[in-house]
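This report concerns a sheet and a nonpolar core. The sequence and the structure are shown below.

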Amino acid sequence: MRNDRGSGSGGKTRIFFSSEEEGARVKFPSDLSWEPPADVIVTEDEVIVIVDIAGMDSDSINIVTDGSQLRIGGVRGTSCCEGRKKYHQIEVRIGRFFKEIEVPVPVDHGDTKARYDRGMLEVRIARTDPSNRVRKVEIE
């Protein structure tokens with residue numbers, strides 16, 4: 001069995017079997033955590049974050065905004081085939097995932113919306129004027 005895991009494979013784990021290793025067992029890495037790819041788009045009105053996390057239920061995804069940080073996490077289980085399996089190749093990442101994104105402009109966390117459709121998570125956060133972040137408080 002050959003496990004290619006280097007800079008040439010783009011961070012993917014690829015496992016190949018030669019004909020004489022056909023009956024060999026696949027060894028999973030002990031740390032199954034992973035980080036999904038994401039796009040961050042800044043428009044005049046909002047910041048849009050798109051995260052590729054196919055094969056999940058929306059209630060398995062946690063989204064938290066904190067200051068200039070957007071944190072997305074969850075757990076993706078095995079893709080299919082309950083019971084005993086014989087893998088030929090493994091590239092789909094399973095286990096815990098976590099993505100932390102620095103939001104590049106001031107935003108209104110109270111106006112954040114998320115949608116999960118066909119494996120893509122889309123988080124939209126309304127931009128705010130930086131001057132709105134500072135507010136003078138009058139003493140009563």
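A nonpolar core is a set of buried Ala, Val, Leu, Ile, Met, Phe, Trp, Tyr and Cys residues joined through side-chain atoms within 4.5 Å. In this predicted model, the largest such core has 17 residues. Those with the most contacts inside it are Val49, Ile53, Leu70, Ile72, Leu121 and Val123. At least two residues of this core come from each of strand 4, strand 6 (69–76), strand 7 (95–102) and strand 9. In soluble globular proteins, nonpolar side chains tend to be buried together.

Leucine 121 can be examined individually. Apart from neighbours within four places in sequence, leucine 121 is in contact with Val49, Ile50, Val51, Ile53, Ile61, Ile63, Ile72, Ala114, Arg115 and Tyr116.

Four strands form an open sheet in the order 3-4-9-8, and their pairing is antiparallel.

Two of the pairings are set out in the table.

| Strand pair | Bridges | Direction |
|---|---|---|
| Strand 3 and strand 4 | 5 bridges | antiparallel |
| Strand 4 (46–52) and strand 9 (120–127) | 7 bridges | antiparallel |

Strand 3 and strand 4 form a hairpin, with 3 residues between them. Across this pair, aspartate 39 stands opposite isoleucine 50 in strand 4. Valine 47, in turn, has isoleucine 125 of strand 9 as its bridge partner.

Conventions: Residues numbered from 1 in each chain as written. Predicted model: local features only at pLDDT ≥ 70, side-chain atom pairs only at ≥ 80, totals over all residues. Heavy atoms only, no water. Pairing = 2+ DSSP bridges. Buried < 20%, exposed > 50% of the residue type's maximum accessible area, 1.4 Å probe, protein only. Contact = heavy atoms within 4.5 Å.
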